[in-house]
Amino acid sequence: MSGLDFGLAPGSFHFVTGPSGAGKSTLLKLVYLAATPTRGQVRLFGHDTARVTAQTRPRLRRRIGVVFQDLLLLEHLSTFDNAAVPLRIGGHRPTEYRADVAELLSWVGLGERMDAMPATLAGGEKQRLAIARAVVNRPELLLADEPTGNVDHDMALRIFRLFVELNRLGTTVLIATHDQDLVARSGKPILHLEGGRLEHRAPHRPVAS
Amino acid sequence: MSDHFDVTRWRPAPFLPERESRDGALIFVVAVLCFLACLTAMGVIAANRAAAGWTGQLTGEATVIVRPRGGETPDAAAARAAEALAGVAGVSEARALEPEKAYDLIRPWLGDVSDLADLPVPRLVAVTLDPKHPANAKALSLALKTQDIDATVDDHSIWIKDIRRAGDVVRWLGAGVFALIAGAAGAVIAFATRAGLAARRDVVEVLHLAGAEDGYIARLFQVRFARLAGLAGLIGAAGSGVVGAILRLMGGGEGLTPALPLAWTDLIAVVPCPLLAAIVAAIAAQVTAIRLIRDMR
């Protein structure tokens, strides 16, 4: 990728689209500090990501929620424990958050699977769990890499509405997706990656669902 | 909501699995090391006691060999020497030994001579020294010379030096073996930490990306391996305690042998083992984990 120049205003909502291999995942990695640019600069919450110290890096990451394409669920932890990971790392006491985690899991349709181990979850359930974990601590920035890849249309819309709700509450949202239908329905602006170049595309006219 | 899941009773599960397939082997190896370390500690303590006992006996006594002069009989010379030595400051008692004692000492060289009494065998005077302010060989020799007695004073200083040197060697050897075992335990734990981190790369990655600090992740491994080593230390200490108790019982009132007098109190030496093992493991795991986690960042 080269010549990328864009900013995400606080509280904005963008989709990243493009064919496979265009660099959508890499773009997200650059934002959540899993990769550093070979040239140029990525600024995150006012910090140059290539220059953040070891002390600052975790603090910045705690302000971001990420839905990874490969989900990265911890197989030896239950659904509930997986969802609670960011809150535990944030130093919260279980009594402060367990009701919220339960409510969120119910909302994403995992209310009956809270004590299930990830290996026993279906693909869509795993994806919903990864989403729940990403949003559980109400991050300032939410990055999602193909968050609706393994869920049915209804669940995809449900997840999208969750993202919209979080966005309404102030979370900046950036979603990389192949789901053209979802993008078309959303009415949100698009960052289209193709041939290593970035193109700003105007939002589609939202489709009533 | 799940029928079996009660949110109000939920407690966070450990980020690292409580049991891994490698744990058994790791506990066994560290337990064996702890067992050997405890036996070493008990051995060093017993050897120290033996050395202290021998030194105490030798420093509290001196032997004087008296040779009769002119027409004086050996018994008379010995009696005169004992009298002279008894008056020296730092001497508790001086006693001329029976001639048979001297005969017993020279019999191995002369064989079974029928009438040893006819030979000019020197007499021995056993001197018991004041344990607080013992007289030295020079003072004893001077007292004998003053009385014109031909005698040689043996204050056992050569033996005492040797015993002290042997005691020091045992102590240093024990410390060396201890350091070696601690180093081996540390290396085993470091190796296990490395393997554990490789096997749980997913945990490290997820925690990192969720904003956990390096120290937080390293502490997970540190606590885990400290616990395992503490358990191994407990097993090793218990095993060596049992062996120590058996040796003590086998040896009766004097311990295994008079040369290695193991006391019941020596078994206390195994008590700190679990804690020490946990500390060594915690340090090794922390150092290894921090270094590897930084590389994985």
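In the predicted model, helices α3(A) and α4(A) are oblique to each other. Helix α3 of chain A covers residues 79–89 and helix α4 of chain A covers residues 94–107; the two pack at an angle of about 120°, with their axes 10 Å apart. This angle is therefore classed as oblique, since roughly antiparallel requires an angle over 145 degrees and roughly perpendicular spans 65 to 115. The crossing of α3(A) and α4(A) is right-handed. On the α3(A) side, the contact is made by A:Thr79, A:Phe80, A:Ala83, A:Ala84 and A:Leu87, and on the α4(A) side by A:Tyr97, A:Val101, A:Leu104 and A:Leu105.

Two non-glycine residues of chain A have positive phi values. A:Phe45, which is not a glycine, has a phi of about 50°. This residue is placed in the loop between β2 (43–44) and β3 (47–48) of chain A. A:Phe45 counts as partly exposed because 14 C-beta neighbours lie inside 10 Å. For A:Leu71, also a residue other than glycine, phi is positive and near 70°. A:Leu71 is located in the loop between β4 (64–67) and α3 of chain A. With 20 C-beta neighbours inside 10 Å, A:Leu71 counts as buried, the cut-off for that class being 20 or more.

A further loop residue of chain A, A:Ala54, lies between β3 and α2 (56–61). A:Ala54 has 11 C-beta neighbours inside 10 Å and therefore counts as exposed. The C-alpha atoms of A:Ala54 and A:Gly18 are 33 Å apart in space, and the two residues are separated by 36 residues in sequence.

In chain B, helix α1 (residues 23–59) takes part in packing with helix α7 (residues 214–250), the axes coming within 7 Å and crossing at roughly 45°. At that angle α1(B) and α7(B) are therefore oblique to each other. Their crossing is right-handed. The residues of α1(B) that meet α7(B) include B:Leu26, B:Ile27, B:Val30, B:Leu33, B:Phe35 and B:Met42, and those of α7(B) include B:Leu228, B:Leu231, B:Ile235, B:Gly236, B:Gly239 and B:Val243. The contact of α1(B) with α7(B) consists of 18 nonpolar, 5 polar and 1 charged residues.

Helix α1(B) also packs with helix α5 (residues 157–199) of chain B, with axes that come within 9 Å and cross at roughly 170°. The arrangement of α1(B) and α5(B) is therefore roughly antiparallel. In this contact, 23 residues are nonpolar, 7 are polar and 2 are charged.

Helix α2 (residues 74–86) of chain B contains 13 residues and reaches 18 Å from its first C-alpha to its last, close to the 18 Å expected at 1.5 Å a residue. The buried residues in α2(B) are B:Ala77, B:Ala78, B:Arg80, B:Ala81, B:Ala82, B:Ala84 and B:Leu85. Among the elements of chain B that cover these buried residues are the strands β1 (61–67), β2 (91–96), β3 (123–129) and β4 (150–154), together with helix α4 (137–146).

B:Glu100 belongs to helix α3 (residues 99–110) of chain B. B:Glu100 counts as exposed because 11 C-beta neighbours lie inside 10 Å. Between B:Glu100 and B:Ala52 the C-alpha distance is 30 Å, for a sequence separation of 48 residues. B:Ile283 is found in helix α8 (residues 273–296) of chain B. Since B:Ile283 has 17 C-beta neighbours inside 10 Å, this residue counts as partly exposed. B:Ile283 is 97 residues from B:Gly186 in sequence, and their C-alpha atoms are 8.0 Å apart in space.

The contact between the two chains takes 29 residues from chain A and 21 residues from chain B. On the side of chain B that touches chain A, helix α6 (residues 201–209) of chain B gives the most, with 6 residues. That side of chain B divides into 13 nonpolar, 3 polar and 5 charged residues.

Terms used: Residues numbered from 1 in each chain as written. Chains lettered and ligands numbered in written order. Predicted model: local features only at pLDDT ≥ 70, side-chain atom pairs only at ≥ 80, totals over all residues. Axes fitted to C-alpha atoms, helices over the stretch in contact; angles between N-to-C directions. Helix = DSSP H or I, 4+ residues; strand = E, 2+ residues; numbered from the N terminus. Parallel < 35°, antiparallel > 145°, perpendicular 65-115°, else oblique. Left-handed = near helix turned anticlockwise from the far one by under 90°. Contact = placed C-beta atoms within 7 Å. Nonpolar A, V, L, I, M, F, W, Y, C, P; charged D, E, K, R; others polar. Buried ≥ 20, exposed ≤ 12 C-beta atoms within 10 Å, placed from the backbone. Expected span 1.5 Å × (residues − 1).
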